[in-house]
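Me: I have a structure open here and would like to understand how it is put together. Could we go through it step by step?

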Amino acid sequence: MAKVPVINLRKGHAVNHNNDVCVVVSMEHKCPPRMASYVQMSIRSIATKKIYNLRLTSNEYLEGVNLAREEYEFSYIDGMGYHFLEPDTYDDVTVTEDIVEPVKDYLIEGGTYILMFTDETVVSIELPAAITMTVAEAAEGVKGDSANNVYKPATMETGLVVQVPLFIKPGERISVKTEDGSYLGRVNN
């Protein structure tokens, strides 16, 4: 890829840092008096989610990376990996276990997800802010425990365990926040 001056980078641009594809989270150009100007930036690794804070002079360069975000539908799992279909052309993309691992508890067949590509290779899967899931297992609430906001563990259809209110029963559909796996509320059919 081409070298990009750090002064031209903006939030959302992708760069190669230490052989890792990273996205610019924040960037600020500073010009202190009687000193050389510099760029203070934070970049997040797509693979590890680790954030790096960089301080570079204005005339330094980073290697730019083409990053494409495309919407795909999760289809099925087999021995080769996780299969996603492009909704218009039905092109099949197979994603390996190491890429899917951080989000696999949120993958529901038929659900739409955003795949991030660099050079035709999937590097990450972006989840929506909230996802609707069906409760597979939930213990019965104990009568008399309803004086406070009491929660119980419930297992979703994907195996994800979410703390839910006592009134939630197996078979109900709930909304789950994908950032931290917390219960948001019931979903009416």
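This is a predicted model: local features need pLDDT of at least 70, side-chain atom pairs count only at pLDDT 80 or more; totals for chains, interfaces and linings use all residues.

Me: Noted. How many helices and strands are there in the protein chain?

Reply: The protein chain contains one helix and 16 strands.

Me: What is the radius of gyration of the protein chain, and what would a compact globule have?

Reply: The protein chain has a radius of gyration of 22 Å, whereas a compact globule of 189 residues would have one near 16 Å. Along the principal axes, the C-alpha atoms fill a box of roughly 70 × 45 × 25 Å.

Me: And what share of the residues counts as buried?

Reply: Of the 189 residues, 35% count as buried. As for contacts with a separation of 6 or more, 44% of them involve residues 24 or more positions apart.

Me: How many bridges join strand 2 to strand 6?

Reply: Three bridges join strand 2 (residues 14-17) to strand 6 (residues 61-65), and the two strands run antiparallel. Alanine 14 stands opposite valine 65 in strand 6.

Me: Is asparagine 18 buried or exposed?

Reply: Asparagine 18 counts as exposed because its relative accessibility is 61%, and the cut-off for exposed is over 50%.

Me: Now for hairpins. How do strand 10 and strand 11 pair?

Reply: Strand 10 (residues 112-118) and strand 11 (residues 121-126) pair in the antiparallel sense over five bridges. Their hairpin has two residues between the strands, and aspartate 119 takes a positive phi near 50 degrees there. Phenylalanine 117 stands opposite valine 122 in strand 11.

Me: Switching to rings: how many aromatic pairs does the structure hold?

Reply: The structure holds three aromatic pairs. One of them joins tyrosine 72 and phenylalanine 117; this pair is tilted, with 5.8 Å centre to centre and 50 degrees between the planes. The pair links distant parts of the chain, as tyrosine 72 belongs to strand 7 (residues 68-78) and phenylalanine 117 to strand 10, 45 residues apart.

Me: Are tyrosine 72 and phenylalanine 117 buried or exposed?

Reply: Both tyrosine 72 and phenylalanine 117 are buried. Another tilted pair is formed by phenylalanine 74 and tyrosine 82, with 6.2 Å centre to centre and 35 degrees between the planes.

Me: Why do phenylalanine 74 and tyrosine 82 count as buried?

Reply: Buried means under 20% relative accessible area. Phenylalanine 74 counts as buried because its value is 4%, and tyrosine 82 counts as buried because its value is 8%. Phe74 and Tyr82 also form one aromatic cluster with Phe84.

Me: What sits over the ring of tyrosine 38?

Reply: The charged end of arginine 55 sits over that ring, 3.8 Å from its centre.

Me: Where does threonine 178 lie, and what is it in contact with?

Reply: Threonine 178 lies in the loop between strand 15 (173-177) and strand 16 (182-186). Leaving aside neighbours within four places in sequence, threonine 178 is in contact with Tyr106, Leu127, Pro128, Ala129, Ala130 and Ile131. At 12% relative accessibility, threonine 178 counts as buried.

Me: Last topic: how far apart are glycine 141 and tyrosine 61?

Reply: They are 80 residues apart in sequence and 59 Å apart in space, C-alpha to C-alpha. Glycine 141 lies in the loop between strand 12 (130-138) and strand 13 (151-156). Glycine 141 counts as partly exposed, at 34% relative accessibility. Not counting residues up to four places away in sequence, glycine 141 touches Lys152 and Leu166.

How values were computed:
Residues are numbered from 1 along each chain as its sequence is written. Side-chain values use heavy atoms; hydrogens and water are left out. Helices (H or I, at least four residues) and strands (E, at least two) are DSSP runs, numbered from the N terminus. Buried means under 20% relative accessible area, exposed over 50%, partly exposed in between (1.4 Å probe, protein chains only). Contact means heavy atoms within 4.5 Å. Two strands pair if DSSP finds at least two bridges between them. Rings of Phe, Tyr and Trp (its six-membered ring) pair if their centres lie within 6.5 Å; planes under 30 degrees apart count as stacked, over 60 as edge-to-face and the rest as tilted. A charge sits over a ring if NZ of Lys or CZ of Arg is within 6 Å of the ring centre and within 35 degrees of the ring normal. The radius of gyration is taken over C-alpha atoms; the globule rule is 2.2 Å times the number of residues to the power 0.38.
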